Amino acid sequence: MPSDGYAGDVTPDGPADVRELPRLTIRKCSVSSFDNNAYLLTCRASGAQLLVDAADDPPRLLALVAEGSGRLDVVVTTHQHSDHVRALEELVAATGARTAAGEEDADALPVPVDDRLSHGDTVRFGEVTLDVVALRGHTPGSVALAYRDPDDPAGFTHLFTGDSLFPGGVGNTKNPGQSFESLFRDVTERVFDVYDDDTWVYPGHGKDTTLGVERPHLDEWRARGW
């Protein structure tokens, strides 16, 4: 584990955990009984901010925004499921933030989507650029966001995966319209085949992990089908 003091252990009623990078500050908090993670990313040069998943509890998320620079430039929704968008309409109304989501999930969101994302796109706020990684299967338009700080001597990638990758496996694919084969293929080819073992995974629920911890279990996941 990196020696920066960040562990990613948060609870719905508890404080945010904070990771400071040279160009970016990451704040993680948990909201709702589903232990949904929301991540506030702050460009340290400009104060511009991006929120990953306005999942629930608008007052808590607005307080999180205030813990940063106080402004909110964009909200990225990793996927369309209701537990990840319950605060989206209220947060956008309160802040005027732009909205972004995967192309195939955009029409299912409770607000108009300004930026429809596809694999290989980028999302910019302030002086920070995130790479968009489409991970199809949990929903058709699920996206992850990848960031590597150019000034960070530790140099590892930060990957915000929504409900597509967790400690111990990929996201749920048991419901109609979901596909384990599609999600496992995308996670393998677009995540594990691209990023190093020290890549830090920030999932949509629960604790964080790294690709190095999860990589030895890929064959196990394939065999069990979840």
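User: Is arginine 19 buried or exposed?
Analyst: This is a predicted model, in which local features need pLDDT of at least 70 and side-chain atom pairs count only at pLDDT 80 or more, while totals for chains, interfaces and linings use all residues. Residues are numbered from 1 along each chain as its sequence is written, and side-chain values use heavy atoms, leaving out hydrogens and water. Buried means under 20% relative accessible area, exposed over 50%, and partly exposed in between (1.4 Å probe, protein chains only). Arginine 19 has a relative accessible area of 1%, so arginine 19 is buried.

User: Which side chain makes a polar contact with the side chain of arginine 19?
Analyst: Arginine 19 lies in strand 1; strands (E, at least two residues) and helices (H or I, at least four) are DSSP runs numbered from the N terminus. A polar contact is a pair of N or O atoms within 3.5 Å; within protein, one must be able to donate a hydrogen and the other to accept it, and residues adjacent in sequence count only if both atoms are side-chain atoms. At 2.8 Å, the partner is the side chain of tyrosine 202.

User: What is the relative accessible area of arginine 23?
Analyst: Arginine 23 is found in the loop between strand 1 (17–20) and strand 2 (24–31). Arginine 23 counts as partly exposed because its relative accessible area is 35%.

User: How many residues apart in sequence are arginine 23 and proline 150?
Analyst: Contact means heavy atoms within 4.5 Å. Not counting residues up to four places away in sequence, arginine 23 touches Pro150, and its other contacts include Tyr147 and Asp149. The C-alpha atoms of arginine 23 and proline 150 are 8.0 Å apart in space, yet their separation in sequence is 127 residues.

User: Which residues touch the most other members of the largest nonpolar core?
Analyst: A nonpolar core is a set of buried Ala, Val, Leu, Ile, Met, Phe, Trp, Tyr and Cys residues joined through side-chain atoms within 4.5 Å. The largest one has 26 residues, and strand 2, strand 3 (36–43) and strand 8 (122–125) are among the elements that give it two or more. Phenylalanine 125 touches Leu24 and Val74, among others, not counting residues up to four places away in sequence. The members that touch the most others are Leu41, Leu50, Phe125 and Leu130.

User: What share of the 226 residues in the protein chain is buried?
Analyst: The secondary structure of the chain comes to five helices and 15 strands. Its C-alpha trace spans about 45 × 40 × 35 Å along the principal axes. Buried residues make up 55%.
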